[in-house]
Amino acid sequence: MRLTKFSDYALRVLLYAASIEDGRLVTIGETASVYGISQGHLKKVVMNLIHAGFLQGTRGRTGGFRLARPANEIRLGEVLRATETDFALVECFQQGNACCITRPCRLPPILAKAVSSFMNTLDEFTIADVMMAPEQFGLEEEQQA
């Protein structure tokens, strides 16, 4: 199983926003610079996270975003459910399944259990559990330069 870049970026955005302790707004440009990611990609991710209720956004010249809830209330599994569009590991999990052995096959329930275990594990952890200090993003070095 592999997560999409969209989910990867969503987790990174939340980690960075969580590291800003003074409650100031973070910009897409700032976040893109920290991670070396396109602002266009991050804009889509941030909009999705705002819509899903993980971020609070403010428009305008002095706008940006911050966590909408405390980091200890944002579960990793919840984030992935909001950002991943496809947990269908094999064809028989998809609409329009054309696999000729779907009925007798014993693999689907095992794979479904694996996906469920994966998500249940992620549900045990929050953004607070994986938070990093601002200096771990390399910001201290940039600010001194």
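In the predicted model, helix α1 passes helix α4 in a right-handed crossing. The axes of α1, which spans residues 5–19, and of α4 come within 9 Å and cross at roughly 135°. This angle makes α1 oblique to α4, because values over 145 degrees would be needed for a roughly antiparallel arrangement. On the α1 side the contact is formed by Phe6, Ser7, Ala10, Leu11 and Leu14, and on the α4 side by Leu76, Val79, Leu80 and Thr83. Classified by residue type, the contact of α1 with α4 comprises 7 nonpolar and 2 polar residues, with no charged residues.

Helix α4, residues 76–83, also packs on helix α5, residues 107–123. Here the axes lie 6 Å apart, at an angle of about 125°, and α4 and α5 are therefore oblique to each other. Leu76, Gly77, Glu78, Leu80 and Arg81 of α4 make this contact together with Phe118, Met119, Leu122 and Asp123 of α5. The residues involved in the contact of α4 with α5 divide into 5 nonpolar, 1 polar and 3 charged.

By class, the contact of α1 with α2 contains 5 nonpolar, 1 polar and 2 charged residues.

The loop between α1 and α2, the latter spanning residues 28–35, contains Leu25. Apart from neighbours within four places in sequence, Leu25 is in contact with Glu30, Thr58, Thr62, Gly63, Gly64, Phe65 and Arg66. The C-alpha atom of Leu25 is separated by 9.2 Å from that of Gln56, although the two residues are 31 residues apart along the chain.

The largest pocket of the model has a volume of about 290 Å³. It is lined by 15 residues, of which Ile28, Met47, Thr58, Arg59 and Gly64 are the closest to the pocket centre. Two of these residues, Thr58 and Gly64, are also contacts of Leu25. The elements that contribute two or more residues to the lining of the largest pocket are α3 (39–51), β1 (55–58) and β2 (64–67). Helix α3 provides the largest share of this lining, with 4 residues. In terms of residue class, the lining of the largest pocket consists of 6 nonpolar, 6 polar and 3 charged residues.

Note on methods: Residues numbered from 1 in each chain as written. Predicted model: local features only at pLDDT ≥ 70, side-chain atom pairs only at ≥ 80, totals over all residues. Heavy atoms only, no water. Axes fitted to C-alpha atoms, helices over the stretch in contact; angles between N-to-C directions. Parallel < 35°, antiparallel > 145°, perpendicular 65-115°, else oblique. Contact = heavy atoms within 4.5 Å. Nonpolar A, V, L, I, M, F, W, Y, C, P; charged D, E, K, R; others polar. 1 Å grid on protein atoms, 1.4 Å probe; cavity = no way out; pocket = protein on both sides within 12 Å on 5 of 7 lines; lining within 4 Å. Points joined across faces, edges and corners; volume = space filled by probe spheres on them. Left-handed = near helix turned anticlockwise from the far one by under 90°.
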